[in-house]
Amino acid sequence: MAVDLLDTSIEYLKGVGPQRGDVLKKELGIFTYRDLLFYFPYRYIDRSKFYNISEINADLAYIQVKGVIVNAKLMGDGRSKRYIATLKDSSGDFIELVWFNSIKWVSNFIILNQEYIVFGHPTLFNGRYSFNHPDIEIPATVPQNLVSKSFMPLYNTTEKARVKGLDNKSIGKLVFSLLPQIKGFIPEIFPNDFISQEKMIGRESALFNIHFPESLHDLAEAEYRLKFEELFFNQLRLIFLKLIRTSKYQGFVFSKIGTNFLTFFNDFLPFELTGAQKRVIKEIRTDFQLGKQMNRLLQGDVGSGKTLVALMSMLIATDNGFQACLMAPTEILAQQHFKSISKFLDNQNVTVELLTGSTKKSLRHTIHAGLLDGSIHLLIGTHALLEDIVQFKNLGLVVIDEQHRFGVAQRAKLWTKNEIHPHILVMTATPIPRTLAMTLYGDLDVSVIDELPPGRKSIITAHYYDSQRLRINGFIKKQIELGRQIYVVYPLISESEKLDLKHLEDGYESLSREFPLPKYAISVVHGKMKPADKNREMQRFVRGETQIMVATTVIEVGVDVPNASVMIVEDAHRFGLSQLHQLRGRVGRGADQSFCILVTNFKLTMDGKKRLEAMVKTSDGFEIANLDLKLRGPGDIEGTRQSGALDFKIADIVKDEKILINARNSAIEMLEKDPKLKENQHRIIAEHLALILKKNGNWGLIS
């Protein structure tokens, strides 16, 4: 009965009806009573404290005042149009309330000489405080029980919902009317002993108090319970799926280190492996000998030597009579891998082939035949590897580079190439912060290459403004005179009416005037070009026929030109930190000192300044990734993998790291004692986990 009640369509709640129900569904994603129950407030007004206008100072954040609107008028026109109301409190002091948006709604809502409660952040301008876009309400229109609460919830809404009468206050009223109806019908999903063990309150109490807490203590208890719940089931799901995979899926045993590996290691290894590379290869070798399918994530910074580790792992596969393949997200990156791996294996008895969308039909037939008869040992390619016609004699290891760029269903196709699933090694050059790795990849074994090969010079990074363009151009000319090559990256291909950003077409014209033929030559590469044209321009730059490459972020991965020593990023503040770090990694691959120049205008946000300062300060990818996560949040960082894995309603993996670690440890402890959650005490946990698995699918089984 409890489930049926919570799944009641939202239009049946008193005060909603078909029209408002339609708005709630389309604008806020609230379809059922359950959705409204889990539509948590984003902030709370402390109803126990009203400030006098005379008490306002610069140290106060969001505050609440009460008074009468004595004056209101519309001022300016066009973009400068604003609605200004004057509020007088009981002490006789005045403060202005200013709205630049929602003017029609505000002007209809405000009545002169009416008392209002105003909540907002006071800002100081020309020596006077005012509220810009404050929340405003008439005390008498708020349900009395809401007013009497110490903390008033504030809910996110949209302009369309607000116009239809579903502002923050109205949503609060709906929640307030819902709670008494569902009291006693909210199912608990943790056993009582577990709740006591984790020192939590019950689920129903938490859900009631998260909306209308009586005190900060009540709010803190509700937040902890609901955050722990989200994070616990996130971790339980990942670890549970890992246990299923390791118990269910048999893996090939690569028991020996043979001729291919030893010949390469002893006679052809281009440089001594770093300690981190040796450690990771040892971890992979251990996996190969367990008789279980390996599912390992290899993360390492730009230039840390992941490809070499992948190659040596693939050579172990060939020594044990198996084939291996490496799939990359772009043709450029696949070609780069093919080139470097072919060079590594030159004059050795290992056959490597490249299969991409551009591979000629006649060569495709030869490759397909070679894969089936086993004469091709290693296959490098793009999405072309996923085609049904591509079949192997004995595929034992799959390596996926920049794996977050592939959809889950796409990657799953590779597993069907064998009856026994091949070992899986997924790689990423974007360092993943610990908390994100735990919530996205808690079901995988993780290896980290955390040191760079010896002798690599640190890239010098600097931030310049547009006004320093002559200095930048002069530096480019000096570098070209020294025989170096330059990347210039733009955020857009063509001019945007909405964004005031440097764009590639304009940049190319400007650079062509500053660096004219025949003394200089410029390549252009962007995502809208045909693959053949893109490859031709890229190869001109690789061969040194052009000194400057003008590009979009299509060159973020896959371009390895040791002679390119300067990376210039235009409108650098428009890029994420990890993306900037990836772009910087395109240089510094040769023996020469390399440089990364970040160019912006003067209009920088605080977050923009922090990103640029971090880039100048450090080249540590993990430090940069952690800051990027804090500034941007997890978002959809890892593409479509495990849809819903980061769909948290209340938990924040940056701020709630301690709760995450506690939840993970509790999940591990529970599954160590009861791997299949069959014990009676874990029955309700198993039932809730089953609902989650049904909703999200078992993508964890296929990495």
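Here is what to select, stop by stop.

This is a predicted model, so local features need pLDDT of at least 70, side-chain atom pairs count only at pLDDT 80 or more, and totals for chains, interfaces and linings use all residues. Residues are numbered from 1 along each chain as its sequence is written, and side-chain values use heavy atoms, with hydrogens and water left out.

Start with Phe 38 and Phe 40. Their ring centres are 5.7 Å apart and the planes sit at 50°, so this pair is tilted (rings of Phe, Tyr and Trp, with its six-membered ring, pair if their centres lie within 6.5 Å; planes under 30 degrees apart are stacked, over 60 edge-to-face, the rest tilted). Phe 38 is buried at 16% relative accessible area, and Phe 40 is buried too, at 12% (buried means under 20%, exposed over 50%, partly exposed in between, with a 1.4 Å probe and protein chains only).

Next, pick Phe 515 and Tyr 520. With centres 5.2 Å apart and planes at 90°, they make an edge-to-face pair, and both are buried.

Finish with one aromatic cluster: select Phe 190, Phe 194, Tyr 224, Phe 228, Phe 232 and Phe 233.
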